[in-house]
Amino acid sequence: MQHKKIIRIMFLLFIVFFLGGCSAETKIKSLHIDSQDVTLDFDQSQTFNVNIEPAKTNIEEEDIVLSDNTLITLTKVSDHSFTIKTHQNEGLATLYIMKDDVESNKITINVVNTKKAKEKAAQEEQAAKEAAEKERQEAEAAAKALEEQKQAEASQANESTPNNAVPNTSTVYLPKNGKKYHSNPNCSNMKSPRAVSLEEAQSLGYEPCSKCY
Ligand SMILES: [Zn+2]
């Protein structure tokens, strides 16, 4: 009888150690969320697959850690995957799995308002177009102003040319008698004509000689 009891105790101890060994084997060896960092729009869902070793271990809702519940919330958890949903707040959130003191890789979720971003990009494109058009018009106006200035300067030069071309300072000759001035001092047999400027001759009331002018 004593012998049987010892065998029974040994058997029970064997069972206890065997189960203990099994429970030690169920300890998680690796835990990995199969995803890169992701960018999500408002009100968008995303499912993540989880690689877990040993494979028979399942993840539970309480294993999933979300850094910011105002950006993302958990909507579904199954054995080896889970799904999150974004809200209408922009920002960065991180998520990871913590199970039996084993921590998975961390995934960063960038929540952006794609619609707003597109509108902003369209506005910026429009503003750039308008700025380019304004710049073109200003360049055109500047070129036109420069051309007008050149033309004004040219016509002013043309107007001033006759005055410069015919100076009143040329020398003429006045006879002792008569009211004509001459360009040639020997014209009309003048004797010792007085040399004066054309301007002076004109101011004295002399008129040009019809022979030498
Ligand atoms: Zn003359």
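1. Two residues are in contact if their C-beta atoms, placed from the backbone, lie within 7 Å. Counting contacts in the protein chain between residues at least 6 apart in sequence, 53% join residues at least 24 apart. The model is predicted.

2. As for the overall make-up, the protein chain has three helices and 13 strands. Of its 213 residues, 13% are buried.

3. S7 is joined to strand S4 (residues 64-66) by three bridges, and the two run antiparallel. Within this pairing, valine 65 stands opposite tyrosine 96 in S7.

4. S7 also pairs with strand S9, which covers residues 107-111. These two strands run antiparallel and are joined by five bridges. One of the bridged pairs is glycine 91 with valine 111 in S9.

5. A further antiparallel partner of S7 is strand S8, residues 102-103, joined to S7 by two bridges. Here lysine 99 has valine 102 in S8 as its bridge partner. S7 and S8 form a hairpin with two residues between them. Aspartate 100, in the turn of that hairpin, has a positive phi of about 50°.

6. Some backbone geometry deserves a check by eye. Most residues other than glycine have a negative phi, and most peptide bonds are trans. The peptide bond from glutamate 53 to proline 54 is cis, with omega near 0°. Proline 54 sits in the loop between strand S3 (45-53) and S4.

7. What is the phi of aspartate 43? The value is near 55°, which is positive in a residue other than glycine. Aspartate 43 belongs to the loop between strand S2 (38-40) and S3. Is aspartate 43 buried or exposed? Aspartate 43 has 10 other C-beta atoms within 10 Å, so aspartate 43 is exposed.

8. Serine 192 is not a glycine, yet has a positive phi of about 45°. The residue is found in the loop between strand S11 (180-181) and strand S12 (194-197). With 8 other C-beta atoms within 10 Å, serine 192 is exposed.

9. S7 can be viewed with S4, with S9 and with S8. The cis bond is the one from glutamate 53 to proline 54. Positive phi values occur at residues including aspartate 43, aspartate 100 and serine 192.

How values were computed. Residues numbered from 1 in each chain as written. Predicted model: local features only at pLDDT ≥ 70, side-chain atom pairs only at ≥ 80, totals over all residues. Helix = DSSP H or I, 4+ residues; strand = E, 2+ residues; numbered from the N terminus. Buried ≥ 20, exposed ≤ 12 C-beta atoms within 10 Å, placed from the backbone. Pairing = 2+ DSSP bridges.
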